[in-house]
Amino acid sequence: MKKQKRVMAIHDISCVGRCSLTVALPILSAAGHDCGVLPTAVLSTHTGGFEGFTYRDLTQDIRPISAHWQGLGLGFDALYSGFLGSFEQIDLVAELFATYKTPDNIILVDPVMADNGKLYTIYSPEMAKGMARLCAGADIIIPNITEACFMVDEEYREGPYDKPYIEKLLRKLAALGPKKVVLTGAWFDEAKLGAAIYDAAQNQIDYVFAPRIDGYFHGTGDVFGSTLLSGLLAGNTLAQATQIACDYVYECICITVDLDQERRYGVAFELALPGLIKKLGLIV
């Protein structure tokens, strides 16, 4: 049996509302990986669709946690960062990348900070510039189109998109420093929604899609990123892992719609996990 891969998941904990660590931990664990968590903040709920949520910034805990792990001699096959709780955390997470990077592991950054043309309420334009700096130290980044536009100072447009616009964003994102870019939320017609993939070293662009369902579904970006990383660690190519992630998000949305669940609580990813595990080759 192959040795388990170990992942450091650097995200917030939203205690209710399936996103961030309450999505990343179960998906990566179900995919067979040893997932260690480094919480960036603790919230009573996520920030979309809820009012009066509590928020505790965990900036001061990041260095002590890492120091303990270094004392234990821990190494990681992947580092996966998402929502950061403060501007100061950008440099702290960059330190984690420098500390734990090896020639063989993967640094995956999801620059969670914006959607639908707007920054999240707790973020500022300075945070966007900082996220761009953090992405420079990543192997792979997975921004949505809004986040991409903020990081590369490009005008945000509503879809449907055209290939010149998407591919301009891909190349400007790669110019920040990451070797590979997966740009989520790409669509050219009403029927399909997916992602554009750019391998800068090969100058190769690929597209993957799944059927498009109208509406906004909270937490799907975290579902996508966690699944994509699971696919990479299982030995898939980036294009294959991205297709697996697109298909899984689509299945999660379909189940949520069928159940008529309140969307602000996130998608019912739990009920789709058996199919994902099978697709990753863990069961037959």
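How do the residues of the lining of the second largest pocket divide into nonpolar, polar and charged? In this predicted model, the lining comprises 6 nonpolar, 4 polar and 3 charged residues. The pocket itself has a volume of about 310 Å³. Of the 13 residues that line the second largest pocket, Lys-2, Lys-3, Ala-31, His-33 and Leu-282 are the closest to its centre.

The largest nonpolar core contains 49 residues, and Met-8, Ile-166 and Leu-183 have the most contacts inside it. Apart from this core lies another, of 44 residues, which includes Ile-197, Leu-229, Leu-232 and Ala-268.

Helix α4 spans residues 125-135, and its buried residues are Met-127, Ala-128, Gly-130, Met-131, Ala-132, Leu-134 and Cys-135.

Helix α8 (residues 238-259) has 22 residues and reaches 32 Å from its first C-alpha to its last, close to the 32 Å expected at 1.5 Å a residue. Buried positions in α8 are Leu-238, Ala-241, Thr-242, Ile-244, Ala-245, Cys-246, Tyr-248, Val-249, Cys-252, Ile-253, Ile-255 and Thr-256. Just after the helix, Asp-260 adopts a positive phi of about 55°.

Strand β11 (residues 204-211) contains Ala-210. Ala-210 counts as buried because its relative accessibility is 5%, below the 20% limit for burial. Beyond residues up to four places away in sequence, Ala-210 touches Ala-191, Lys-192, Leu-193, Cys-246, Asp-247 and Tyr-250. One of these, Cys-246, is also among the buried residues of α8. The C-alpha atoms of Ala-210 and Gly-194 are separated by 6.0 Å, although the two residues lie 16 residues apart along the chain.

Is Arg-63, by comparison, buried or exposed? Arg-63, located in helix α2 (residues 59-71), has a relative accessible area of 52% and is therefore exposed, the threshold being over 50%. With residues up to four places away in sequence not counted, Arg-63 touches Leu-92 and Glu-95. Arg-63 and Leu-92 are 29 residues apart in sequence, with a C-alpha to C-alpha distance of 7.4 Å.

Note on methods. Residues numbered from 1 in each chain as written. Predicted model: local features only at pLDDT ≥ 70, side-chain atom pairs only at ≥ 80, totals over all residues. Heavy atoms only, no water. 1 Å grid on protein atoms, 1.4 Å probe; cavity = no way out; pocket = protein on both sides within 12 Å on 5 of 7 lines; lining within 4 Å. Points joined across faces, edges and corners; volume = space filled by probe spheres on them. Nonpolar A, V, L, I, M, F, W, Y, C, P; charged D, E, K, R; others polar. Helix = DSSP H or I, 4+ residues; strand = E, 2+ residues; numbered from the N terminus. Buried < 20%, exposed > 50% of the residue type's maximum accessible area, 1.4 Å probe, protein only. Contact = heavy atoms within 4.5 Å. Expected span 1.5 Å × (residues − 1). Core = buried A, V, L, I, M, F, W, Y, C linked by side-chain atoms within 4.5 Å.
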